[in-house]
Amino acid sequence: MNNFELINKTIAFVKEKLNDAEGGHDWFHIERVYKNALLIAKGTDCDLTVVQLGALLHDIADSKFHNGDETIGPKTARFFLESEEVAEEIIQHVVNIIENISYKGGNFEKRFSSVELDIVQDADRLDAIGAIGVARAFNYGGFKNRTLHDPAIAPITNMTKEEYKKNTAPTINHFYEKLLLLKDKMNTETGKQIAAERHRFMETFLAQFYAEWEGAK
């Protein structure tokens with residue numbers, strides 16, 4: 001099977017698996033991350049097939065929607081890729097990307113590193129910030145029935161992985177607990193450049209949000 005056929009089969013598989021997914025983690029999230037990854041990969045010495053598969057399969061079974069089980073995603077990706085007779089070294093690389101891509105409170109130490117992981121991780125993080133990031137944050141907050149903002153509940157910016165997973169704070173807190181921190185955690189130069197602009201948008205949004213909250217505008 002050539003690369004074009006494999007990628008198209010992977011796209012079809014992901015679309016089917018995520019047909020009923022929450023709006024911030026659905027096929028369109030995957031598609032945006034895929035496009036971001038291709039943009040970042042331009043001019044980079046990398047295995048483009050691994051980048052494409054990693055981007056397409058990185059959220060195939062997000063642990064947030066599977067009772068915190070972080071093994072389902074890698075297993076699902078491996079099962080699919082094995083069924084398509086993909087080389088083991090590519091499968092393992094994609095699995096490593098899935099296992100090491102998530103934020104997890106910012107204190108998660110990656111157990112694997114590669115240029116391809118850096119690219120896909122930046123692509124995923126870009127989709128968590130900017131206008132799309134704002135939309136996704138409030139979409140997920142609504143999905144979990146969280147308060148928009150509560151001035152009495154301060155953000156916690158140094159959570160453990162388990163604390164982060166169990167966190168139920170208002171959606172605005174998520175900006176300080178993750179989204180505003182991502183700009184300085186980008187791996188690639190392209191990722192950093194794009195993140196800077198999206199970061200500024202979030203700062204503008206928050207300034208407007210607080211002004212409206214206080215009835216100042």
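Residues are numbered from 1 along each chain as its sequence is written, and side-chain values use heavy atoms, with hydrogens and water left out. Because the model is predicted, local features need pLDDT of at least 70 and side-chain atom pairs count only at pLDDT 80 or more, while totals for chains, interfaces and linings use all residues.

**View 1. Helix 3 crosses helix 5.** Two packed helices are described by the angle between their axes and the distance between the axes. Helices here are DSSP runs (H or I, at least four residues), numbered from the N terminus. Axes are lines fitted to C-alpha atoms over the stretch in contact, with angles running from 0 to 180 degrees between N-to-C directions. For helix 3 (residues 48-57) and helix 5 (residues 88-100), the axes come within 9 Å and cross at roughly 45 degrees. That makes helix 3 oblique to helix 5 (under 35 degrees is roughly parallel, over 145 roughly antiparallel, 65 to 115 roughly perpendicular and the rest oblique). The crossing is right-handed, meaning that the near helix is turned clockwise from the far one by less than a right angle. Look for Val50, Leu53, Gly54 and Leu57 of helix 3 against Ile90, His93, Val94, Ile97 and Ile98 of helix 5; contact means heavy atoms within 4.5 Å. These residues divide into seven nonpolar, two polar and no charged (Ala, Val, Leu, Ile, Met, Phe, Trp, Tyr, Cys and Pro are nonpolar, Asp, Glu, Lys and Arg charged, and the others, Gly among them, polar).

**View 2. Helix 4 meets helix 5.** The axes of helix 4 (residues 72-83) and helix 5 come within 9 Å and cross at roughly 160 degrees. Helix 4 and helix 5 are therefore roughly antiparallel to each other, and their crossing is right-handed. Helix 4 brings Gly73, Pro74, Ala77, Arg78, Leu81 and Glu82 to the contact, and helix 5 brings Glu88, Ile91, Gln92, Val94, Val95, Ile98 and Glu99. By class, there are seven nonpolar, two polar and four charged residues in this contact.

**View 3. An aromatic cluster includes Phe138 and Phe205.** The cluster is formed by Phe138, Phe175, Phe205, Phe209, Tyr210 and Trp213. Rings of Phe, Tyr and Trp (its six-membered ring) pair if their centres lie within 6.5 Å; planes under 30 degrees apart are stacked, over 60 edge-to-face and the rest tilted. The count by this rule comes to eight aromatic pairs. Phe138 and Phe205 are edge-to-face, 6.0 Å centre to centre with 65 degrees between the planes. This pair links distant parts of the chain, 67 residues apart: Phe138 lies in helix 7 (residues 130-143) and Phe205 in helix 10 (residues 189-213). In the pair of Phe209 and Tyr210, the ring centres are 5.8 Å apart and the planes are at 85 degrees, so this pair is edge-to-face. Phe209 is buried at 14% relative accessibility, while Tyr210 is partly exposed at 28% (buried means under 20% relative accessible area, exposed over 50%, partly exposed in between; 1.4 Å probe, protein chains only).

**View 4. Asn36 sits in helix 2.** Helix 2 spans residues 27-41. Asn36 is buried, with 11% relative accessibility. Not counting residues up to four places away in sequence, Asn36 touches Ala123, Leu126, Asp127 and Arg198.

**View 5. Glu203 sits in helix 10.** Glu203 is partly exposed, with 44% relative accessibility. Look also for Leu180: Glu203 and Leu180 are 23 residues apart in sequence and 8.3 Å apart in space, C-alpha to C-alpha.

Key:
Helices (H or I, at least four residues) and strands (E, at least two) are DSSP runs, numbered from the N terminus.
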